[in-house]
Amino acid sequence: MNLHKKLSPFYNLALFYFVISFILRLVLFFHPITQSSFTFFESIKIFSLGLISDFFVFVIASVFLWLYLIFISNTKYNKPWGYIILSLLLVLFLYIASGKSILDEYGGALPRIVLIFIGIKIILFSLLLFLPKHRDKIRFWLFAFVVFLYVLLILQNGLSEYFFWNEFGVKYNFIAVNYLIYTNEVIGNIMESYPVIPLFSALFIITGAFTYFIVKKSTAYITAIPSFAEKIKISIVYLSLFLFSLFAIPTLALTENSKNVFVNELQSNGLYKFLLAFENNKLDYFKFYKTLPNDKAFAILKQQLPTISNENTTRQIESDSAENHKNVVLITIESYSADFMKMYGNYQGITPFLDSLAQKSLQFTNLYATGNRTVRGLEAVTLCIPPTAGESVVKREDNKNKFSTGAIFKQKGYQVKFMYGGDAFFDNMQDFYSGNGYEIVDKSSFSPEEITFSNVWGVCDEDMYHKAIKVMNQESKENKPFFNHIMTVSNHRPFTYPNNKIDIPGDVKSRDGGVKYTDYSLKKFFSMASKQPWYKNTVFVIVADHCASSAGKTELPMDKYRIPAFIYSPGIKPEKYTGLMSQIDLMPTVFGLLHFSYQSKFFGQDVLKSDYKPRAFIATYQDLGLIKDNVLTILSPKQQVKQFQLHLTPKEGVAPEYQIYYCEKPLKKERTDLINETISFYQTASDLLRKKKYQK
């Protein structure tokens, strides 16, 4: 039998993988979230280099198939070898089961996984050893099962990539890695967001059908098992391709260098992107990014924060008025883009309450979220620090005893709490907030009668607000002001909420419904709060944690970071602050309004002060951006720097202060001053965290 037929399991599965990958790219190419048109050359690049990348990724992924096939033989079942091998497997099983194996030193689930694997291997080996007449049939079904698993994983990955793109507009990234950690919430979200039973039923039926055809065309390998010499030839061919692929895959990734992010994403292989995200979840700024001498970086920072000295951000904030210890309620709204609101050009009427409340508030019309995840928003309003590379501080091991807004309130005698309708374990919120002196009120604090509706993310916003009112009524009796940070959950996929509340049913699972129910719940909250004795002595701060989507043509699309924010207090004078500002500036501005005097380490500033210099930070987990002087400067790993001139693309009927759409065009002449300033902000923030100088 020729080598061509011996390799049939590989090339039949490879062909199937290429077809699925091509169909996936085609679907994503025309997907509504792919907000781009492509040139002929870009289209050719996406599909041709994408296919080549898929080939090399498949070679790597088929290593388990090679290992399985290469050990298929009849010789090992002959006497005495069959009994010797079975005895060795049994001894190995008992050794691991003893609990004293080398695997137990690593702890976790590893010993159990290996034990199960060896147990299955013993059962299968025994069947093949003691039932020689049925050996061919057993081997056929084992072979079919291996092919079935490969087909299932290929199809499952295709579906996963589609749904991930549908949510984020990119291939797998850092978020996908996090999803592996919080499987309960993520699987629950999938179960509630999509028709899982029909979907997986169809998936298994389709997998079975394709498995049948692939097995039918690939059984030559097991009907005439290759000789030892033939296996050597197969292994040489495979291992040569395997080693070459290890170099080819990252080399091809370097060709993902288009200015259009969608071109790069569509060209890339999702599995390789996942591996990169897994490896880069911790990024050492000083290893991967462009740097300055540390003294120069802090000297440039001093131009922004004139009263700092040496290599830190410590400075004294002095007020010329008596401190006002009003209660403060900070509400961070899940996934709330500026363009949901009427003032920013949305005419669907999905935010009627917040539209009206904004007109009675101090509005910040030109504020940008620091990131595209909840933990980044929480980090921004709690630590008031630029978003450093890699994972948010909220999720890092060294996340406790930081200089925080909660610490300032505690210095002033406030009761400090973090309230969340879900399980605060998610995204490490409980560890972070409790480690920084906050009391936690989350779903576990609710009695059964306090929950009228919940989904996988937690109780609905109405239930959270009812609980918050109860807590604040109790706090008000203790003759101490309170600071309560409330994080909402309802405006998150699957967008389910109680029916008969708004004119969009909760079981429709629409984002517009999630937004409108969030608005409805806030109206109910303010209606309840206005009846409480503490209401008139309370400042309400409302801001989004991040936008609803981060997908765009560029690495950091401006409109995907613009969020609404305003401060309301009974009797407050309605005003608009239209200057450029960051999410990290919101709470220092609140402290300024309360006339607090305190020692600060914050990078965030009171934007109402005359010495504030407008700028904003926007970032992913690896691209770090600064908006200033109508220029966006981006620092990326491998010491890369990009700069874009921002050209406003006005939307008709929207006031100038609410315009959010910009065209980002590469800067013709480099602005070295802005590059150095961007480096200064991110380098000094990283330096302070690394040296534990950002402690309270």
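**Exercise 1.** Describe how α2 and helix α7 pack against each other.

*Solution.* Begin with the axes: α2 and helix α7 (residues 135–168) pack at an angle of about 15 degrees, and their axes lie 10 Å apart, where axes are lines fitted to C-alpha atoms, for helices over the stretch in contact, and angles run from 0 to 180 degrees between N-to-C directions. This makes α2 roughly parallel to α7, since angles under 35 degrees count as roughly parallel, over 145 as roughly antiparallel, 65 to 115 as roughly perpendicular and the rest as oblique. The helix names follow DSSP runs, numbered from the N terminus (helices are H or I with at least four residues, strands are E with at least two). This is a predicted model, in which local features need pLDDT of at least 70 and side-chain atom pairs count only at pLDDT 80 or more, while totals for chains, interfaces and linings use all residues. Residues are numbered from 1 along each chain as its sequence is written, and side-chain values use heavy atoms, with hydrogens and water left out.

Next, take the handedness: the crossing of α2 and α7 is right-handed (right-handed if the near helix is turned clockwise from the far one by less than a right angle, left-handed if anticlockwise). Finally, list the partners, taking contact as heavy atoms within 4.5 Å: the α2 residues include Leu13, Tyr17 and Leu24, and those of α7 include Phe143, Ile154 and Trp165. By class, the contact of α2 with α7 has 16 nonpolar residues, one polar and one charged, where Ala, Val, Leu, Ile, Met, Phe, Trp, Tyr, Cys and Pro count as nonpolar, Asp, Glu, Lys and Arg as charged, and the others, Gly among them, as polar.

**Exercise 2.** Describe the crossing of α2 with helix α3.

*Solution.* The axes of helix α2 (residues 8–29) and helix α3 (residues 40–61) come within 10 Å and cross at roughly 145 degrees, and this crossing is right-handed. Among the residues that make the contact are Phe10, Phe18 and Arg25 of α2, together with Ile46, Asp54 and Phe58 of α3. The contact of α2 with α3 divides into 14 nonpolar, three polar and two charged residues.

**Exercise 3.** Work out how α21 and α22 are arranged.

*Solution.* Helix α21 (residues 461–476) and helix α22 (residues 511–529) have axes 9 Å apart and pack at about 20 degrees, and they are therefore roughly parallel to each other. Their crossing is right-handed. The contact brings residues of α21, including Tyr465 and Met472, against residues of α22, including Tyr517 and Phe525, and it has nine nonpolar, three polar and three charged residues.
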